[in-house]
Amino acid sequence: MLLSIEGLSKTYSNGVRALYDVNLTFGNGMFGLLGPNGAGKSSLMRTIATLQEADSGSIRLDGLDVLKEKTRVRQLLGYLPQEFGVYPKITAQRMLDHIARLKGVGQAGERRDAVQALLEKVNLYKDRGKHLGTYSGGMKQRFGIAQALIGNPKLIIVDEPTAGLDPAERNRFYNLLSQLGQNTIVILSTHIVEDVSTLCSSFAIICKGEVLYAGDPEKAVNELDGMIYSKAIDQADISYYRNIYQVISTQLKGGKLHIRVLSGGAEPQDGFVPAEPNLEDVYFSNIATRVDVNTL
Ligand code: ADP
């Protein structure tokens, strides 16, 4: 399957430009859509999921025109939205059975087998009889994936799925998602850089509705080889460094401010040491061109 987006733009009626000339191509595998809050990630995902209209541009899923052939796309789609509400007083098993019926899995026996297989896949089989209201955040997210997988979708969209999960739950969720990417396009939006470096074979950085970078995470990191330097400074000196260097991130640790700078030219003086680049450097060096650097 191939999903291709060309020239997609959307401005909401309140004047907010959420997407601007977005061009992206997705093949099978995990694709990470990375960007700060308000970047336009959900707007893009809802548009691909046929839940909202674009002002201009096109989205094609193999031969399908996603913006027009919505019903056909929905049959191929699994979607886990950011705000995924569950009915608290119903068991996981009953809820999945109900959703399977809505998705057209008609025969009771077929539904029972499909629901059981899904519950096992997301590791909720032993908790299948519990009310959804008693589930932890991680269990709810895994249930969310189970409902998105009903009907064997070819395109799976998950919007900020790891927000609010503790590290163990996040790990379990990562493992589940990475199993899915083999014969399916999985698009994951996140503002957590680690989600992308752990899971995704392709990614894009989006900010203020525009795609700033798209490609392979490892390649993106390699492109910064020899260009990142770090130094621990006094907090009070930050303006001095910002004036002279392109500071891409700062982190306060043990009373010192650890800064990382991007230097395409000569090695910076002032006691900087060369640093191994990482995906966070890729992210910050891209978005630093678009947002107030003092907030980084
Ligand atoms: P993200 O998912 O990256 O946080 P969103 O797509 O939710 O970003 O939002 C992009 C921008 O569009 C934000 O400025 C947000 O406030 C605005 N926005 C999102 N949905 C609507 C809407 N329905 N009406 C008006 N503005 C919206």
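## A tour of helices and a ligand

Start by selecting helix 3 and helix 4: helix 3 passes helix 4 in a right-handed crossing. Handedness is read by looking at the near helix against the far one: turned clockwise by less than a right angle, the crossing is right-handed, and anticlockwise it is left-handed. Helices here are DSSP runs of H or I with at least four residues, and strands are E runs of at least two, numbered from the N terminus.

Before going on, note that this is a predicted model, with local features needing pLDDT of at least 70 and side-chain atom pairs pLDDT 80 or more, while totals for chains, interfaces and linings use all residues. Residues are numbered from 1 along each chain as its sequence is written, and side-chain values use heavy atoms, without hydrogens or water.

**Stop 1: helices 3 and 4.** Color residues 92–102 (helix 3) and 108–121 (helix 4); their axes come within 10 Å and cross at roughly 125°. Axes are lines fitted to C-alpha atoms over the stretch in contact, with angles from 0 to 180 degrees between N-to-C directions. Helix 3 and helix 4 are therefore oblique to each other. Under 35 degrees counts as roughly parallel, over 145 as roughly antiparallel, 65 to 115 as roughly perpendicular, and the rest as oblique.

**Stop 2: helix 5.** Next, select helix 5 (residues 137–149) with helix 6 (residues 167–180), whose axes come within 9 Å and cross at roughly 15°. That makes helix 5 roughly parallel to helix 6, and helix 5 passes helix 6 in a right-handed crossing.

**Stop 3: the ligand.** Which residues are closest to the ligand? Of the 13 residues that surround the ligand, the closest are Gly38, Gly40, Lys41, Ser42 and Ser43; a residue counts if one of its heavy atoms lies within 4 Å. Helix 1 (residues 41–48) gives the most to this shell, with four residues.

- a polar side-chain atom of Ser43, at 2.6 Å
- a backbone N or O atom of Gly40, at 3.0 Å
- a polar backbone atom of Ala39, at 3.0 Å

Terms used. Polar contact = N/O pair within 3.5 Å; in protein donor to acceptor, adjacent residues only side chain to side chain.
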